Amino acid sequence: MIVQLTVNGEDRHAEVAGWESLLWVLREDLGLTGTKGACEQGECGSCSVILDGEVVCSCLVMAADADGADVTTVEGLGTPEDLHPVQEAFVAEGAVQCGYCTPGLVVAAAHLLETNRRPEPDQIREALSGNLCRCTGYGAVLRAIEAAREAM
Amino acid sequence: MEYVRPKALGEALDALAAFDDPTPLAGGTDLMVEVNLSHRRPDVVVSLRALDELRRWDDTWIGAGVTFARLEGADDPALAQLARTVGSPQIRAAATLGGNLGTASPAGDSLPFLAAADAHVVLQSTAGERRLRWDEFFVGPKQTVRRPDELIVGVELPSRPERQAFAKVGVRQAMVISVVSCCVLRDPSGVTRVALGSVGPTVLRATGAEEVASQAVRLTDTDLEEFQRRVSAEVRPITDHRSTAEYRRHAAGVVARRALERCLR
């Protein structure tokens, strides 16, 4: 079937054969490789995207079931010339080690700050509880999000 | 794979009746794990995404399509508490109560609350409606009496006391599948109900422990010790990759007592 999506404000479509996840379609069919895949069980959060206003694991969304949905990926948050405040703060704080979890963290953090302008530190931690960083770089990530909160 | 997205409940029931072995898809957080790991290849998927009828929620009814993100705002303290322990924000945004019931994992986080509250699961099909008490619905690990043509439409909640607590033991705070979970409900006259998850083939009630806790409005330390001992004696845990039967038996008594103590405060 053909799946129609609005991705980062643009109309996109992809042909899906069956059980492919939204993650697969974003990366393999639409070339949006900013969204990462790792566990494919919803545990790591590296595939986080905003789907119809909610942060979800795109690996757990059947692409067919996303037909008609609005999707924002990390590519839709900012551009290299015009970074999202969260991206700017991640750069400034050095909140990146290997970088694999970074797109998912940035998407989750951007969504948090769009839905709650003044999150408390525990709310920031809770919002990131579904995003695993195995380099254990959380300290700089939390500082970056607090800095982005002040900047936004 | 055939994919259908009914726009109304009646259409969904027609679809479930029309296909051989259809797979209902709600939040996808259980189904897609199995699909991604190639453990499951559904031939027909009936999406529940468009069914607003399943999202109704009031004091006596929770629609199957209500997400755990919404349940975090529940008035029932135990329901709000358990909802906050489900997966991560990403999982809670998608995962539904109906999915938790349909998957019927012994570790399903909503099940101890539903069992303690004596909830009924409501199933519909083109043949009619069935209303089953929680212990009639769950028959084994990941096994329910739901027929392939039936849809879980929601749960009916009888009135329940304000004093409630949910507690869960896992290897960390977030993104964790329970090793033991427990819900205690206690009414002003002292009548207490305690249900436990992950310590048996299905969620279970510790009725002997309930008797001990229900005998008085004020419980002594001796009563609490006996309550804890009985919970540990009544659970039926196994050893698996998440924990040992011995640890689960011990932890069940400890968390049940803590949950009861929270209800007594």
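This report walks through the fold of chain A and then turns to a sheet in chain B. Keep in mind that what you are looking at is a predicted model.

**Chain A at a glance**

Chain A carries five helices and five strands. Read from the N terminus, its elements come in the order β-β-α-β-β-β-α-α-α-α. As for burial, 51% of the 152 residues of chain A count as buried. Now take the contacts between residues at least 6 apart in sequence: 61% of them join residues at least 24 apart.

**The sheet in chain A**

The five strands make an open sheet with mixed pairing, in the order β2-β1-β5-β3-β4. At the edges stand β2 (10-15) and β4 (54-57) of chain A; each has a single partner strand, so one side of each is left without a neighbour in the sheet. On average, neighbouring strands here are turned by 40° against each other, direction ignored.

| Residue | Bridge partner | Strand of the partner |
|---|---|---|
| Val3(A) | Ala14(A) | β2(A) |
| Thr6(A) | Asp11(A) | β2(A) |
| Val7(A) | Val71(A) | β5(A) |
| Val169(B) | Val180(B) | β12(B) |

Which residues of β1(A) sit on its covered face, and which on its uncovered one? Val3(A), Leu5(A) and Val7(A) make up the covered face, while Ile2(A), Gln4(A) and Thr6(A) are on the uncovered one.

Over at β3 (48-51) and β4 of chain A, helix α3 (residues 102-115) lies across both strands, running at about 35° to β3(A).

**Two domains in chain A**

Chain A is divided into domain 1 (2-75) and domain 2 (85-151). Their C-alpha centres lie 21 Å apart. Where the two meet, twelve residues of domain 1 of chain A are in contact with eleven residues of domain 2 of chain A. On the domain 1 side, the largest share comes from β3(A), with three residues. By class, that side of domain 1 has six nonpolar, five polar and one charged residues.

**A sheet in chain B**

Chain B has an open sheet of four strands in the order β11-β12-β13-β14, with antiparallel pairing. Its edge strands are β11 (163-169) and β14 (204-205) of chain B, each of which pairs on one side only. β11(B) pairs with β12 of chain B (residues 180-186) in the antiparallel sense, over seven bridges. Helix α4 of chain B (residues 77-84) packs on this sheet and touches β11 and β12 of chain B. The direction of α4(B) makes about 20° with that of β11(B).

Methods: Residues numbered from 1 in each chain as written. Chains lettered and ligands numbered in written order. Predicted model: local features only at pLDDT ≥ 70, side-chain atom pairs only at ≥ 80, totals over all residues. Helix = DSSP H or I, 4+ residues; strand = E, 2+ residues; numbered from the N terminus. Buried ≥ 20, exposed ≤ 12 C-beta atoms within 10 Å, placed from the backbone. Contact = placed C-beta atoms within 7 Å. Pairing = 2+ DSSP bridges. Axes fitted to C-alpha atoms, helices over the stretch in contact; angles between N-to-C directions. Domains from an automatic or database assignment. Nonpolar A, V, L, I, M, F, W, Y, C, P; charged D, E, K, R; others polar.
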